[in-house]
Amino acid sequence: MVDLISIVKYCNERLRIREIKDFPGSFNGLQIEKVGKVSKIGASVDAGLIPFEKATENNIDFLVVHHGIFWSPPTPLTGVNFDKVKHCMDHDLAVYSAHLPLDCHDELGNNAVIAKKLNLKPCGTFLNFEDQDIGLLAQSQFSREELKSRLQNEFSQGIRSIEFGSSNPKKIAILSGSGQSAVDQILNSGCDTLITGELKQQHFNYAQENRLNLYACGHYATETFGVQALAEEIAQKFDLPYEFIRTGCLL
């Protein structure tokens, strides 16, 4: 068993939590503390009541999440908000959240892991937010059809393809989660192909008019990689067991 402070300190330094700015209300870092030492590491994309319950059912007492419990102005601890916090308190479950610091990390980040799994070589970044690029650019040596095939194999729940760009893209932009802010930025980055989580209806016309390839692979699905990579690394460093809590969301 390992003390909580040591694990939190490691995560904060590894992800540069204090340096990477995020959206207001994200509150990256330790969000719910625990009393005892940590005996098992877990990972989940979302800080929801069901993931919390599944974590404690599997004896997890330190849960890494991507979407934390704080995304809006302070709200009363009533209803499900109360239930979530009470469950963590009753079961001594610590919750650690990392949003943009985990998205843009060059080794553990969602974008970096997606590129690695697709055998794409990182070659730069794009999409600046508060002096930090949060999107990844990668070189490609295979055709659009091969790229699509690899995406379908990796994201078995299904992908959405909008293909009006080059049939042999040499550079590919990757942004996990929501791709709304990235679609009109990729041409400025020297590419016409974007891999992301989710898009909006208007992006079809935009892609058609600007000759882009857009691949939406699921918001949840594209953000399972970072929390798993971080949690696995923590577990290995501190010699603790690890488990991923999958909630089955296809969005």
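Reader: In which element does leucine 136 lie, and is leucine 136 buried or exposed?

Author: Leucine 136 is part of strand 6; helices (H or I, at least four residues) and strands (E, at least two) are DSSP runs, numbered from the N terminus. A residue is called buried under 20% relative accessible area, exposed over 50%, and partly exposed in between (1.4 Å probe, protein chains only). Leucine 136 is buried because its relative accessible area is 11%. This is a predicted model, in which local features need pLDDT of at least 70, side-chain atom pairs count only at pLDDT 80 or more, and totals for chains, interfaces and linings use all residues. Residues are numbered from 1 along each chain as its sequence is written, and side-chain values use heavy atoms, with hydrogens and water left out.

Reader: Which residues are in contact with leucine 136, leaving aside its neighbours within four places in sequence?

Author: Contact means heavy atoms within 4.5 Å. Leaving aside neighbours within four places in sequence, leucine 136 is in contact with residues including Asn111, Ala115, Pro122, Phe126 and Ile174. A separation can also be given between C-alpha atoms: those of leucine 136 and glycine 109 are separated by 9.8 Å, and the two residues are 27 apart along the chain.

Reader: How should I read a phi angle, and where is phi positive in a residue other than glycine?

Author: Most residues other than glycine have a negative phi, and most peptide bonds are trans. In this model, glutamate 130 has a positive phi near 55°, and aspartate 131, which is not a glycine, has a positive phi of about 70°. Glutamate 130 lies in the loop between strand 5 (121-129) and strand 6 (132-139), and aspartate 131 lies in the loop between strand 5 and strand 6 as well.

Reader: Are glutamate 130 and aspartate 131 exposed or buried?

Author: Glutamate 130 counts as partly exposed because its relative accessibility is 44%. Aspartate 131, with a relative accessible area of 71%, is exposed.

Reader: How does one read the faces of a strand, and which residues of strand 10 lie on each side?

Author: In a regular strand the side chains alternate between the two faces of the sheet. In strand 10 (residues 213-216), Asn213 and Tyr215 are on one side and Leu214 and Ala216 on the other. These residues are all buried, and both faces of the strand are covered.

Reader: With which strands does strand 10 pair?

Author: Two strands pair if DSSP finds at least two bridges between them. Strand 7 (residues 160-163) pairs with strand 10 in the antiparallel sense over 4 bridges, whereas strand 9 (residues 193-198) runs parallel to strand 10 and is joined to it by 4 bridges. Alanine 216 in strand 10 stands opposite arginine 160 and also opposite threonine 196.

Reader: How many bridges join strand 2 to strand 3?

Author: Strand 2 and strand 3 (residues 62-67) run parallel, joined by 5 bridges. Strand 2 (residues 41-46) is mostly covered, with 5 of its 6 residues buried.
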